[in-house]
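Work through the exercises below with the sequence and the coordinates open. Each task is followed by a solution in steps.

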Amino acid sequence: MNKVLAIDIGKCTGCHVCELMCSFRHHGEFNPRRARIHTTVFLHDEIAVPVVCSQCEDAWCERICPSGAISTVVMPETGARVVQVDEDLCVGCKMCVLACPFGNIQVGAAGCAEKCDLCGGDPVCVQFCPRGALRFVEAEDREVEKRQKLAQALAGSYRESE
Amino acid sequence: MTYLYGGTILWVDLTTGTTSIRSTLDYAEKYIGGRGINARLMYDAIGPDTDPLGPDNVIVFGTGPLSGTAFPGCSRADVMSKSPVTGLLGDANIGGDWAAELKYAGYDHVVLTGRAEHPVYLRIRNDLVELRDAGELWGQTTYETRRLIQDELDDPEAKVLSIGPAGENLVSFATIHGSVGNAAARTGMGAVLGSKNVKALVVRGTKGIPVADPEAFLEACKAAHDQVKGADYYEEVHTIGVTNAEYAYVLSGIEAGGDGHEGLDFDPEGRTDYNAFWNKHGYKRTGCMGCPVHCMENYSVPGVGATVISCELYTQLTWEVQNADMLLWYALIRQCQEMGIDNTSMALTIQWLMELHALGIIDASLTDGIAMEWGSKEAITAIMDRTIANEGFGAVLAGGMKATAEYFDAHVPEERRGGRSTYWYAMQVNNNPMYGINPRLTSMSLSYAIGRRSDCIQDLDMHQFDSVTAPVYPGWSEEDRAHAVEHERELAYELTGKERAGDPDTTEGKADIVHDMGIQTGIADMAGSCKWHTKWLFLYLMPEHYAAALSAGLGRTVTPEDVERASLRVRNVERAIEVKMGRRRENDTIPEKEFSKPVSRGHMKGKHGVSREDLERMKDEYYTLRGWDLRTGVPRHQTLVDCGLKDIADDLAELGLGLEPFELDAGGADLGAGEKETAPSARQGRRPGT
């Protein structure tokens, strides 16, 4: 098992429920600014794109952390890889913020690095996403689904050309 | 710590450029928030002499305690001002992303007073509040304004409400736009902002919304989401959307009413088929912040661009004006959004002109040489352009239907007008152009007549709506339809205790349903969530759900009865405002020409045709439920006192509008002989135990 947080941009409506629930779970308040997942809505193209930590295989934030606060663990139940922050070890130096090319780690009001921890194995954003744009699935399944979608489209045009 | 609320109401005096704040909690318990607190602020701010487009008018933007939380549909802001359209209370509600952001900045309401000397925009970033020069933005579309402001502030996350050129040009039915597809569209709120030289309100907030009991609040939100998602109608709205439902309504004759449609077949090839348009140009469903429903659709049309469309927009600039060109329709919708003008008002105004033209009452010489032929592409586009620019004949139209009728009446001899004012032919309530919803249906006529802000949406009796239109919902079998109709009938009976309440062909029980609907939608409006999630759209969030979320969030007990009472209270505040502006029983009506005429086409052809007597009887029942005087429609002194509005009761008395109990009884006895009036109760009409 190797579960991952999968994003389907085509389904995202930009409702920000993921941000609301994320901030609520981690900070007990509704505040998209403190969420660890962010959805950018491109109003003029009407496209919404959720961005969240991809739990890098070779995480730069982990590599650069001078206090050893960031480590990668594999969750026993789901096999999900999580790059996580040990709040007791974090000194708030923000090197991880500099290192992350995607802006998916931040230093919050508590002076400690904050990032997606997959909610310990049951991501709340996935639970509440109303259109299923966010899913917590086996990594392989995600690709299978994409391939099947493409295959369906190809099959459709093949039938038409027959 | 302040839970759920941002905590402050921000006052901005545009004339002096100064700001002040006041605690929201002064109002919160009694009026909850959103439309509720807005109404109270408006009652204290405007009077009969207030010029809607003068510096003495006030415009209020209000969020609710649940705005910005994970409660379903938590995206709404309510905008209130004195309306340049009706001269009464103006009110419009907007979704999108702005309301939540205002809460995150620490504010619940923003009140704008006075008039800025030159174009400005209000910028709020947490505690920073400033008026910035908007000279460069003046004349820009709503789409562009948002982008330009985000660029100027170097903040792509800034949330913007803005007016377009129509608002700047003081077109009376101009709108305020938020994120694409969202507008505070009705009653001319954009013109008020334009008159104050305010181009936009820009907000960015980084503070959070804390709740008193996170666990209980989460449970309340989950329960509310489950309720919405478990509703029968959810799948329909969620996957097919309300524009499709709108198409169904049009085919059934529920939508696009009016004489203009009689005997006309403008679309024999079925070009207005919404599904065909959606399949070709639609690509995704979308919705507002925090919404599990997603009632809106994304479209992209090559050469025109992308936008978001929902619901009634389908009907107006197609069927109402006999235009079968869907690409033209799409371009016009986009133009309305970019220019900041109300699609409904514009379409119904054009429809009126076309009808007058068809009847031979007006000709091109009165309309800048534009021949107002039914469905004429040239006429529609030219009239819209001129109205937005407030130029030529457009300057007459920009003043609204009544002003336009005065102009026509001065130029057209009486015999050509059938001995009537041209105003008689206009589809309006208190000068507010009507929706496409057909006022010839029993409870629709009541919804229009008593509607706050002079339209039907708030109090719309969707029960009746559905029981007659269900046959055409896509994807529903005959069995589904029969089930839905039966279900709605049962609910109507349960609510009113009247056997035929769910029957479309009678006035029985309609006042109860309309009254109840007003209470339900009022609760959502006060909470800052979307009224579509109430039983109004069969998504069935009930007072219990709001009360549970408010209790958990605020850390004090709020009962379902509390929120219902607050809704009744707020409606009385609004009625008191309108009464102060001059609204009386005789203003609660639909256009005279619509009486006693059956629906002219569709599945509903030949049905209904509400008579004046029908409507007056329903009004009697409705006023009785509300505790309003039957003779005048003014809230009775005791009603206001019972609602906890003694100061307003006394105020009305001082203005000579207060009706002492003995006067009322006399008035009531005249009209409703033998009818016993009682103080209003939210639960009234329900059978015991329901």
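**Exercise 1. The interface**

Task: how many residue pairs are in polar contact between chain A and chain B, and which elements of chain A touch chain B?

Solution. Step 1: count the residue pairs between chain A and chain B in polar contact, with both residues at pLDDT 80 or more; there are ten. A polar contact is a pair of N or O atoms within 3.5 Å; within protein, one atom must be able to donate a hydrogen and the other to accept it, and residues adjacent in sequence count only if both atoms are side-chain atoms.

Step 1: list the elements of chain A that give two or more residues to the side touching chain B. They are helix 1 (17-27), strand 2 (29-30), strand 4 (47-52) and helix 4 (124-128). Helix 1 of chain A gives the most, with four residues. Helices (H or I, at least four residues) and strands (E, at least two) are DSSP runs, numbered from the N terminus.

Step 2: take the totals. The contact, meaning heavy atoms within 4.5 Å, takes 26 residues from chain A and 44 residues from chain B. The area buried between the two chains is about 2,700 Å², and carbon and sulfur atoms give 59% of that. In chain A, F30(A), R33(A) and E46(A) lose the most area to chain B, together 26% of what that side buries. Buried area here is the accessible area (1.4 Å probe) that two parts lose on being put together, summed over both.

A note on conventions: this is a predicted model, in which local features need pLDDT of at least 70 and side-chain atom pairs count only at pLDDT 80 or more, while totals for chains, interfaces and linings use all residues. Residues are numbered from 1 along each chain as its sequence is written, chains are lettered from A and ligands numbered from 1 in the order in which they are written, and side-chain values use heavy atoms, with hydrogens and water left out.

**Exercise 2. Salt bridges across the interface**

Task: find how many salt bridges join chain A and chain B, and state which residue of chain B pairs with R33(A).

Solution. Step 1: apply the rule, a side-chain nitrogen of Lys or Arg within 4 Å of a carboxyl oxygen of Asp or Glu. The count between chain A and chain B is two salt bridges; over all chains it comes to 52.

Step 1: R33(A) pairs with E157(B), the closest N and O atoms being 3.9 Å apart.

**Exercise 3. Salt bridges within a chain**

Solution. Step 1: in the salt bridge of R440(B) and E594(B), the closest N and O atoms are 2.6 Å apart. R440(B) lies in the loop between strand 18 (432-433) and helix 17 (442-450) of chain B, and E594(B) in the loop between helix 22 (560-581) and helix 23 (612-626), so the pair links distant parts of the chain, 154 residues apart. Buried means under 20% relative accessible area, exposed over 50%, and partly exposed in between (1.4 Å probe, protein chains only).

Step 1: K619(B) is buried because its relative accessible area is 1%, whereas E616(B), at 24%, is partly exposed.

Step 2: R63(A) is exposed at 59%, and D58(A) is partly exposed at 44%.

**Exercise 4. A loop residue**

Task: describe where T86(B) sits and what its side chain reaches.

Solution. Step 1: T86(B) is in the loop between strand 4 (77-82) and strand 5 (89-94) of chain B.

Step 1: T86(B) counts as buried because its relative accessibility is 15%.

Step 2: the side chain of T86(B) reaches the backbone nitrogen of L88(B) at 3.0 Å. Leaving aside neighbours within four places in sequence, T86(B) is in contact with N430(B), N432(B) and S454(B).
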